[in-house]
Amino acid sequence: MKSIMSRRRGLAAFLLLLIGYHFTPYFVTNLYHLHILNLAGIYTLVVLGLNILSGYTGQVSMGQAGFFAIGTYVSALLMMNWSIPFWSASAMATVMAGLFGAVIGIPAMKLSGPYLVLATVGFGEIVRLVLLNWTPVTKGAAGLVGIPLPTVLGFVVTTEKHFFYLILASLLVGVFIALRIADSKIGRTYRAVCEDELAAEAMGVNINRYKISAFIISAMFAGFAGSLFGSFSGVTSPDNFTFDESVGFLCMSVIGGNRSIVGAVIGAFGLTAVSEALRVIQGFRLVIYGSILVFTVIFMPKGIIGLFRWICGNFSVKEID
Amino acid sequence: MDDRNVILEVRDISKRFGGLRALDTVSVAIRRNSVHGIIGPNGAGKTTLFNLITGMLLPDSGQFEIEGKPIKKVRPHQLVSIGVSRTFQNIRLFKGMSVLENVMIGQHVHTPTAVFSIMINGRKSRSAENAAREEALAALGFVGMARNVDQNVDSLSYGNQRLVEFARALAAKPRILLLDEPAAGMNPTEKQHLLRLINSLQQKDYTVVLIEHDMKVVMNVCSTVSVLDHGKKLAEGRPEDIRRHPEVIRAYLGKSDRGHA
Amino acid sequence: MQFFLNGLPIGAIYSLVALGYSLIYAASGVLNWSQGDMVMLGAYVGFTVFFFLKLGFISALFLAIVVVALLGALVQYMILRPLREREAPPINVVIATLGVAIICRNLALGIWGPDPQILPSPVSSRPLSLAGVSVTPQDILVLSVGITLMLILHSFLKNTREGKALRAVAQDRYAAQLVGIDPERSDAVAFAASAGIGAAAGILIAPIFFVTFNMGASIGLKGFVAAVIGGLGTIPGAIAGGFFLGVVESLAGGLISSGYRDAITFSLLIVVLWLKPSGLFLRKNRQKV
Amino acid sequence: MSKSSWWERFTVLVLLLFIATGVGAADAAQVLRIGVVGPESGGGAQLGLGQRRAIQMAVEEINEGKLAGEWTLEVFFEDDEGNPTKSASATNKLIQQSGVKVIIGAIHSSCTLADMVVTSRAGIPQITAGSTGASITQQGNKFIFRTAANDFLQADALIKYARDEFGFKKVATFTAADDYGQSGAKLLREACGKYGVELVAEPTYNNGDKDFKPQLLTIKDRGAEVIFMWGLYTEAALIAQQAQQLGVNAQLCGASGMAALKLIELGGEAAQGLILTQTFLPDSDHPKVRAFVDNYRDKFNESPIPHAAQAYDTVFIIADAIRRAGSNDPRKLRDAISATEGLELVTGDPNFNDNGDDIGKRLLITQIKGDKFEMVKFIKAGE
Amino acid sequence: MLEICGIKAKYGHTEVLHSVTLRAETGRITTLIGGNGAGKTTTLNCIVNILKPYEGQILWKGQEITGLRSKDIVRLGISLIPEGRHVFPRMTVRENLEMGAYIRKDANGVQKDFEWILELFPVLKERLGQEAATLSGGEQQMLAIGRSLMGNPDLVLMDEPSMGLAPIVVEEVFSVVEQIMAMGKTVLLVEQNAALALNLAHEGYVIELGRIVLRGTGKELLRNPEVEKAYLGL
């Protein structure tokens, strides 16, 4: 079975890369660079979930910032108001985001294309507006200040370097789970639902259940990422969760390569790095950023991972995602 | 007809699309272990009948029974558990997926979805996955596509795509298999192969319902043939009777002179 | 009553923007996320014509429509046609139009600066009182020009060769090719018409809401909501959806809570989508231009 | 070295590269690097770009006039798009990459709060010239200073003035649903209580809203005689216009956030008579103000917004602090800033309290007449 | 005269035409018959370049038209009446007919053809103001033919005009096909109803799996036992 072999090879290469990445703090001593890597790591978690949702089941979401926000606020409020430890708060935030994912998944059963996009946009905006206006709980526009730092086995995570390892560990788990989902019966069924709902249904797939479950999974990824994000930033406010943020997540997923877990990682790191690198240009920075988006989707229709696959030709990177 | 021998009964089914009466009080009884052909000119309502049986359309009136049990408001995906699976007239494979993956989807209801086990790559999920793969490979082996498992379905010829779809429907382990023009796009060799497959299915305790244009196929494998025309059942009987049925000939040839053979 | 009337002018603007979405969606199946930024560019071009070329309001309106319409056609030919030729998935088209929006917005920021600009109203701003409710001449202007534009668009689609070709492409792209229509050209016409209508909307609201480089984001989103509520891809739906949204917003803001106004609007939208995905104002199946 | 693995060598190589590109380079003597964070694109771009221009101007003036003693100021700008995450990244970049020793910014309170996490960890003083959110200076963070106008004094002065001068009894507030607007709303509410006027309505709006008629109609129905706005000038101009259209006769008042000449331009006729508290008057005879406004107009061909004046002053505070500290050590710099006194600047005589708030700001009550603000009352600090 | 020489075409990765060669003589009816999925419609789509053949040549009146844009092919007088009719559903019957003349500039000629078509299909005359979607299947087929004739084509390609129609309507449609031919136009008719088509046609081709397997005059093919077995099979 050739595919299994090349898949193993691809996975091994990818894991080797991650292990290499593990040593990053030894040579990236610039805290700013480390900070950006950490941020990219958190974004990657969101994009992993989104990739499963929009890449595998074809349900495009432009409201992912809403789930991200729910994760951030729920875990932050639990830690601040009830002194719940980080990991429990994070777990509850993840579950809460998942619940909202289920709620949004219900209309998604009936909707597709632009209608679903708009429903998710609406969801993201509703979340942001509620955070902004529900002042007694969310502190409104001022946001939450002094979100506690996470504790891992009694060790308080404080510096960028500490966060680097916490985020890296989360990322490894996240990538592993995403790969497992993508590479299992669930991922296969998602792709089938995306390719042909009718045929999938005729083969006994309960498409509604699968569509909702994809929303739940993506929401949980975003929710967990949100809980990390809150503690990482120390403060949070509705300004973090605008429509533009959701658009950014979607761009990462598509630019990296929709329907590819490795692509999600590449997209999140790549786009975060590009948008920081463009700081060199002061004036028309975002004009160039927009142009990059346009050119990529025209000339790399399958994202960066598609380009890799094309270059690698026979070496089937496709198999590892 | 012996009732115990009827596995699928269609009773007085009607369906309209706008002004068009696609099916008009059609009744068909399918006997266990038979190969039942449904023929008729284009637009006669054959595919509509399949779509109604599989729950993809809801009938305006009438009902279905499988093994004497009425099936009402059953969602399409639940039909597989009841024991019905189908192929499509315009091949509906999952593009961008491999042959094996396509057929493994057919196994969907027969393997557990062990969510937790999947996430940790546990033994339960691995054994389920292996079982699904074995079943899918067996189905592919049966239709003679075992060599192409890793190929993308896009790259197959029409005939082979039909075979993959056939294997996918078989992998769902149905009691009743609905085949919508399985021979369309097949060359004579492939058709022969298909005929053998359908015949051997009959011996394996399957019931096959078959929509087909190719009379050679129909005449060779079907034990009973129902003829639809403009939403109505025109005739039903053994193939050799049907081909001489004057109504059927008229339906197929219109009022034009057929010429002489 | 006052709330209801207040909703009408802004409703007319939403209708115009929604028309743009629907026209493009019907013709080419593309959801153009840069529609709102065409509104912004229209307002800026109008502003520039008015202040730097010192031409009147009417010529500003006219020139803005022409310039932005050309830009719309350019977007179709430069960006969407290559995407279609490469058979790019719909999500790539979404990202491409979002990219266009980002480019437009920040180019405008670079060219016209961050400060809001004002385009003076050609009519007096003194309110008139009619039967206890006050309306401004500008509101009346917005409504009348808006409705006129809708009528012009309607007649363009009904009576001109290009307009009919556009409808034909929208209804059946394949058959349209068979009678000799170039669908890419029709798409360009749809983009141009949508951008032109958007530009007109921009000029109309410029005296009321000012001109800013990021005005396109919210108005674009609202126009999209209006188009979907009315039934995406239909002309009457877009118009009805726009007015409906304008009035609902005004009522929600006035009677329930202004802070949650948009949240209410979006919740309503999700409910509408859930109950009637084909839009509020149209029978099922009755789709497209 | 004989046993060093490849990645150790690689690490050294990368480190050398970073040093070569000046990342870890030691500061050249007598240069103080200042980092500025603010929104130069996105919603608050007018504030961010106003801040950039004023700071650029101040730095040039200081360097030319050797006003910072032996020190030369070097300034680095970063855009945060009004997004707290990007703001924190930008601050990180300024500190780690550009090696700045003091940060000016940000403008959105949410961004400033996010930046403070970074600056306090790094031990770098941060001065915000724009954020007024109450929580910023109430955290006991010793590295944050604020040169924005003091909102408490403004709210207090406005309510008192409205009561004493016009005898208004029924008032309404109409505030932005952001940090700035909501802290203003709270202060106004407290001031109303203090001066015994009745607050009949407290509607809010979201930034970027265009239609304020529903809220204005509510205010009209409740019979408010005066409306206190707390937000930015674009919205204020729209509110003024729509109030006029709806026939709302209440007196309009606002605070320094909206005090820009652009307000007069955008608001047109409807903005006439609007009463504002602000920290400087563009038409004032005060020599500092004159010089600032004239230079700014010469350079950028437009009038400065109050925020620009505050940012401009902030650079002078830093110049003064570095001259006194004689070292660009962030801690010494911090101490020097907190000891600022006796400077006469465009918006007042800066003087920081224990929280880091500038309590030396001038406060003027002005009214829009024609195309300018006219002073109607001067309130000295601490009054 | 239309000549197709060895065209090959793919949908995605699947080759559907393996080499199709046929010719349609001027002023005659040529028919192409074959089962579902044999490549009949694909051949027609290749002629008007909706699907681009990747090999082979198509000549019209001796001029190569392979790879020309669809709209230019239409201008050369080739018109396809598609399978499933594809009338513009939300346009009135009149508008549909007008769209047929999209490429024409001669207003007088268009008007004349318009009147002629209404004579040909009296039923359309009664429904000029009605939206095409409200027509019955047979009426829609008439409209599709009428729309095509409005372009004054020299070559009419018809794809399964009998599909889904009642026998009596089919008869009407086929009598129109004869009238079209009588006007000197060239007709290439694709049909699944082989007996009907072969009875009408001067010349017939049998296509199977993307290959032409038989050719002959209509009468010859009707009597051919191979055709008999495969397509009439009764």
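Mentor: Before we start, contact here means heavy atoms within 4.5 Å. Also, this is a predicted model.

Trainee: Fine. Which chains share the most contacts?

Mentor: Chains A and C, out of six pairs of chains in contact.

Trainee: How many residues does the contact take from chain A and from chain C?

Mentor: It takes 40 from chain A and 39 from chain C. The two chains bury about 3,500 Å² between them. Carbon and sulfur atoms carry 81% of that.

Trainee: And in chain A, which residues lose the most area to chain C?

Mentor: Tyr115(A), Leu118(A) and Ile298(A). Together they give 19% of what the chain A side buries.

Trainee: Over all chains, what does the count of salt bridges come to?

Mentor: The total is 64. Take one of them: Asp79(D) meets Arg285(A), with N to O at 2.8 Å. Asp79(D) sits in strand E2 of chain D and Arg285(A) in helix H14 of chain A, so this pair joins two chains.

Trainee: Are Asp79(D) and Arg285(A) buried or exposed?

Mentor: Both are buried.

Trainee: Now within chain D. What does Arg52(D) form a salt bridge with?

Mentor: With Glu40(D); the closest N and O atoms are 3.1 Å apart. Arg52(D) is in helix H2, while Glu40(D) is in the loop between strand E1 and H2, so the pair ties together parts twelve residues apart in sequence. Arg52(D) and Glu40(D) are both buried.

Trainee: Which residues do salt bridges that share partners join into one network?

Mentor: Lys222(C), Glu249(C), Arg261(C), Asp262(C) and Asp209(D). Within chain C, Arg261(C) and Asp262(C) pair at 3.4 Å, N to O. Both of these are buried too.

Trainee: Switching to Lys46(B). What is the nearest side chain of opposite charge, and how far away?

Mentor: That is Glu181(B), 5.2 Å away. A salt bridge needs the nitrogen within 4 Å of a carboxyl oxygen. Lys46(B) has no salt bridge, yet is buried.

Trainee: So what is Lys46(B) in contact with?

Mentor: Setting aside neighbours within four places in sequence, its contacts include Ile38(B), Ile39(B), Ile211(B), His213(B) and Leu228(B). Lys46(B) itself belongs to helix H1 of chain B, residues 46-53.

Trainee: Back to chain D. Which residues of H10(D) are buried?

Mentor: Val289(D), Phe292(D), Val293(D) and Tyr296(D). They cover an arc of only 90° around the axis, so they lie on the same side of H10(D). Pro287(D) and Asp298(D) are exposed on the other side.

Trainee: What do the buried residues of H10(D) pack against?

Mentor: Helix H2 and helix H11 of chain D.

Trainee: How far apart are the end C-alpha atoms of H10 of chain D?

Mentor: They are 20 Å apart. At 1.5 Å a residue, its 14 residues should span 20 Å, so the two values agree. Just after H10(D), Asn301(D) takes a positive phi of about 60°.

Trainee: Last topic, Gln141(E). Where is it found?

Mentor: In helix H6 of chain E, residues 137-150.

Trainee: Why does Gln141(E) count as buried?

Mentor: Because its relative accessibility is 1%, and buried means under 20%. Beyond neighbours within four places in sequence, Gln141(E) is in contact with Ile81(E), Arg85(E), Pro161(E), Leu165(E) and Val173(E).

Trainee: And chains that don't touch? How far apart are the nearest C-alpha atoms of chain B and chain D?

Mentor: They are 31 Å apart. No contact joins chain D and chain E either; their closest C-alpha atoms lie 38 Å apart.

Definitions and conventions: Residues are numbered from 1 along each chain as its sequence is written. Chains are lettered from A and ligands numbered from 1 in the order in which they are written. This is a predicted model: local features need pLDDT of at least 70, side-chain atom pairs count only at pLDDT 80 or more; totals for chains, interfaces and linings use all residues. Side-chain values use heavy atoms; hydrogens and water are left out. Helices (H or I, at least four residues) and strands (E, at least two) are DSSP runs, numbered from the N terminus. The expected span of a helix is 1.5 Å times one less than its number of residues. Buried means under 20% relative accessible area, exposed over 50%, partly exposed in between (1.4 Å probe, protein chains only). The arc is that of the directions from the helix axis to the C-beta atoms. Lys and Arg count as positive and Asp and Glu as negative; His and the chain ends are not counted. Buried area is the accessible area (1.4 Å probe) that two parts lose on being put together, summed over both.
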